[in-house]
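Please look at the sequence and the structure before reading on.

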Amino acid sequence: MDQVSLFQMTFLDNTLGQWTAALAITLGAGLGLRILSSVFLRRLRHLAQQTETELDDLIIELLGKTKSLFIVIVAIWSGSLLLTLTPTVDRWIRHILVVG
């Protein structure tokens, strides 16, 4: 079995190539969101130190409590957009995204 036919094998109505691309998108989105979050918070903290209001400190504290689970949920959702999913699975992913 060569590599081309390996990536054309199907599992749950998606080729192995689609699953691989979805996994790559999920990992890339998760890493990218984590980096963006860290950079954004760091810059925001620097700006907040230059002000005397406490509202910006509160906003930074709330943003800093963004859980890794939320980033994972968004990353999985972004990867799932590439896949052909049953309506039930698609609906569950959307509900989890909204709740997360």
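## An aromatic pair

The structure is a predicted model. Trp19 has a relative accessible area of 28% and is therefore classed as partly exposed, since that class lies between the 20% limit for buried residues and the 50% limit for exposed ones. Phe11, with a relative accessible area of 54%, is exposed.

A pair of aromatic rings is described by the distance of the centres and the angle of the planes. In this model the count comes to one aromatic pair. The pair is formed by Phe11 and Trp19, with 6.2 Å from centre to centre and 55° between the planes, and it is tilted.

## A loop between two strands

Leu12 is found in the loop between strand E1 (10-11) and strand E2 (14-15). Asp13 lies in the loop between E1 and E2 as well. Is Leu12 buried or exposed? Its relative accessibility is 59%, so Leu12 counts as exposed. Asp13 also counts as exposed, because its relative accessibility is 64%.

Most residues other than glycine have a negative phi. Leu12 has a positive value, with phi near 55°. The phi of Asp13 is positive too, near 65°.

## The largest pocket

The largest pocket holds about 180 Å³ of space. Two elements give two or more residues to its lining, namely helix H2 (16-49) and helix H4 (68-80). Which element supplies the largest share of the lining? That share, five residues, comes from H2.

Among the lining residues are Leu33, Leu36, Phe40, Phe70 and Val74. Ser37 and Thr66 also belong to the lining. By residue class, the lining of this pocket consists of eight nonpolar and two polar residues, with no charged ones.

## Ile71 in helix H4

Ile71, a residue of helix H4, is one of the residues that line the largest pocket. It is buried, because its relative accessible area of 9% falls under the 20% limit.

Setting aside residues up to four places away in sequence, Ile71 touches Gly30, Leu33 and Arg34. Of these contacts, Leu33 is itself listed in the pocket lining. Ile71 and Ala29 are separated by 42 residues in sequence, while their C-alpha atoms are 8.5 Å apart in space.

## Thr26 in helix H2

Thr26 is found in helix H2. With a relative accessible area of 18%, Thr26 is buried. Which residues does Thr26 touch, when those up to four places away in sequence are not counted? They are Ala75, Ile76 and Gly79.

The side chain of Thr26 also has polar atoms close to backbone oxygens, within the 3.5 Å limit for a polar contact. The backbone oxygen of Ala22 lies 2.8 Å from a polar atom of this side chain. For the backbone oxygen of Ala75, the corresponding distance is 3.4 Å.

## Ser80 in helix H4

Ser80 lies in helix H4. Its relative accessible area is 9%, so Ser80 is classed as buried. When neighbours within four places in sequence are left aside, Ser80 is in contact with Leu85 and Ile93.

Notes:
Residues are numbered from 1 along each chain as its sequence is written. This is a predicted model: local features need pLDDT of at least 70, side-chain atom pairs count only at pLDDT 80 or more; totals for chains, interfaces and linings use all residues. Side-chain values use heavy atoms; hydrogens and water are left out. On a 1 Å grid over the protein atoms alone, a cavity is a set of points where a 1.4 Å probe fits but cannot get out, and a pocket is an open set with protein on both sides within 12 Å along at least five of seven lines; lining residues have an atom within 4 Å of a point. Grid points are joined across faces, edges and corners, and a volume is the space filled by probe spheres set on the points. Helices (H or I, at least four residues) and strands (E, at least two) are DSSP runs, numbered from the N terminus. Ala, Val, Leu, Ile, Met, Phe, Trp, Tyr, Cys and Pro count as nonpolar, Asp, Glu, Lys and Arg as charged, and the others, Gly among them, as polar. Buried means under 20% relative accessible area, exposed over 50%, partly exposed in between (1.4 Å probe, protein chains only). A polar contact is a pair of N or O atoms within 3.5 Å; within protein, one must be able to donate a hydrogen and the other to accept it, and residues adjacent in sequence count only if both atoms are side-chain atoms. Contact means heavy atoms within 4.5 Å. Rings of Phe, Tyr and Trp (its six-membered ring) pair if their centres lie within 6.5 Å; planes under 30 degrees apart count as stacked, over 60 as edge-to-face and the rest as tilted.
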